Amino acid sequence: MKSKLLLLLFVPCILFSQSKLGKAKESLSKTSSSSGNSSTSSSSSSDDDDDFDFFSMLFEDIFFEIAYHSTLGIAFGGANYTEMNPYPYYNNHGEFTNDFKDANKRSSIKIGTNYLINRINALEINTVLKPIPIAGLEVSYLNFAENTLLNSESLNITSVSANYYRVRENHFSLWWGIGGTYVGKEVDTWGFAYNLGVDIYPAKPISLHLGWRQSFINDNTVDVFKSQVKYHIKRAALYTGYHNYKLGSETISGLVLGIEYSF
């Protein structure tokens, strides 16, 4: 009898508990609203706050001025002439090559998709267009799906970024980019985003990929970390790896399986 009573008390907690994607959407929808309520209570210390804000802004201006000039060369570097292989490991090099041949390309398109294996599933479609070797446009669409006892939750995220390929070596490439991210499904908000990435081609037919993207959505962030091991078969590549997604207050991670194709 006691066990039945405990079950009756426990079941409503399960039925009405909020899903993980529901919590993520709630946290990503939040914006600051406490500044107006606290204005009257802080009036007595406004002079001290003004002094603090002045020195804080002065420090930030000096810091960012030094950081800007000291990192500008590292971030942009020189635009050395390189070309692209028809596909990675075409001539035992990676994506980029300094060995100029008639078969090389000056532009490329790469389309891929991957699936996150988790209680909360995620399907991603990714396209990278490089009109020239030094720059590219990347578009990513992510769809998360969660089944609960009462209903189903979903969340879609679209990111667009312009990438600068800072390092383009035969077996190594590194890039960074800036752009925007749109979070749909009740959040319906655009935010600024930046991303970093590196591809390593140690030996045919294996390559390694690491990527990071952070998007600022209202008062929170959407962070995406990717680590992948790829097996290249001419223009195609099969890969597996680990992806970690921070969706506001919630984190989702797990094994991924994917495929991509280069044109």
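In strand β12, glycine 258 is the bridge partner of tyrosine 239. Asparagine 114 also stands opposite glycine 258 in β12. Strands here (E, at least two residues) and helices (H or I, at least four residues) are DSSP runs, numbered from the N terminus. Two strands are taken to pair if DSSP finds at least two bridges between them. The model is predicted, and local features are given at pLDDT of at least 70, side-chain atom pairs only at pLDDT 80 or more, while totals for chains, interfaces and linings use all residues. Residues are numbered from 1 along each chain as its sequence is written, and side-chain values use heavy atoms, with hydrogens and water left out.

Strand β11 (residues 236–247) pairs with strand β12 (residues 250–262) in the antiparallel sense, over twelve bridges. Alanine 237 has glutamate 260 of β12 as its bridge partner. The two strands form a hairpin with two residues between them, and glycine 248 in that turn has a positive phi of about 65 degrees. Strand β12 is also joined to β3 by eight bridges, and these two strands run antiparallel.

These pairings belong to a wider arrangement. Ten strands make a closed barrel with antiparallel pairing, in the order β3-β4-β5-β6-β7-β8-β9-β10-β11-β12. On average, neighbouring strands of this sheet are turned by 20 degrees against each other, direction ignored. In a regular strand, side chains alternate between the two faces of the sheet. The chain as a whole holds three helices and twelve strands.

One of the helices, α2 (residues 20–29), lies across β5, β6 (152–168), β7 (172–183), β9 (206–217), β10 (220–233), β11 and β12. Helix α2 runs at about 60 degrees to β6. Such angles run from 0 to 180 degrees between N-to-C directions, and the axes are lines fitted to C-alpha atoms, for helices over the stretch in contact. Contact means heavy atoms within 4.5 Å.

The term denotes a side-chain nitrogen of Lys or Arg within 4 Å of a carboxyl oxygen of Asp or Glu. Side chains of opposite charge can pair when their charged atoms come close. Glutamate 153 and lysine 25 meet in this way, at 2.7 Å from N to O. Because glutamate 153 lies in strand β6 and lysine 25 in helix α2, the pair ties together parts that are 128 residues apart in sequence. Both residues are buried, a word that means under 20% relative accessible area, with exposed meaning over 50% and partly exposed lying in between (1.4 Å probe, protein chains only).

Glutamate 260 lies in strand β12 and lysine 230 in strand β10, so the pair ties together parts 30 residues apart in sequence. Glutamate 260 and lysine 230 are buried. Arginine 119 forms another salt bridge, with glutamate 146, its closest N and O atoms being 3.1 Å apart. This pair links the loop between β3 and β4 (121–132), which holds arginine 119, to strand β5, which holds glutamate 146, 27 residues away. Arginine 119 counts as exposed because its relative accessibility is 57%, whereas glutamate 146, at 2%, counts as buried.

The surface carries a nonpolar patch formed by Ile109, Ile111, Leu129, Leu137, Val139, Val160, Tyr261 and Phe263, with about 620 Å² of accessible area together. Residues of a patch have over 30% relative accessible area and no salt bridge; nonpolar side chains (Val, Leu, Ile, Met, Phe, Trp, Tyr) are joined within 5 Å, and like charges within 9 Å. Strands β3 (108–117) and β5 (135–147) each supply at least two of the patch residues. Isoleucine 109, found in β3, counts as partly exposed because its relative accessibility is 34%.

Asparagine 85 is found in the loop between β1 (83–84) and β2 (96–97). It counts as buried because its relative accessibility is 3%. Leaving aside neighbours within four places in sequence, asparagine 85 is in contact with residues including Tyr90, His93, Phe96 and Lys105.

Over the whole chain of 263 residues, 38% are buried. The chain exposes about 15100 Å², of which carbon and sulfur atoms supply 64%; accessible areas come from the Shrake-Rupley method with a 1.4 Å probe, and for residues only the protein chains shown count as cover.
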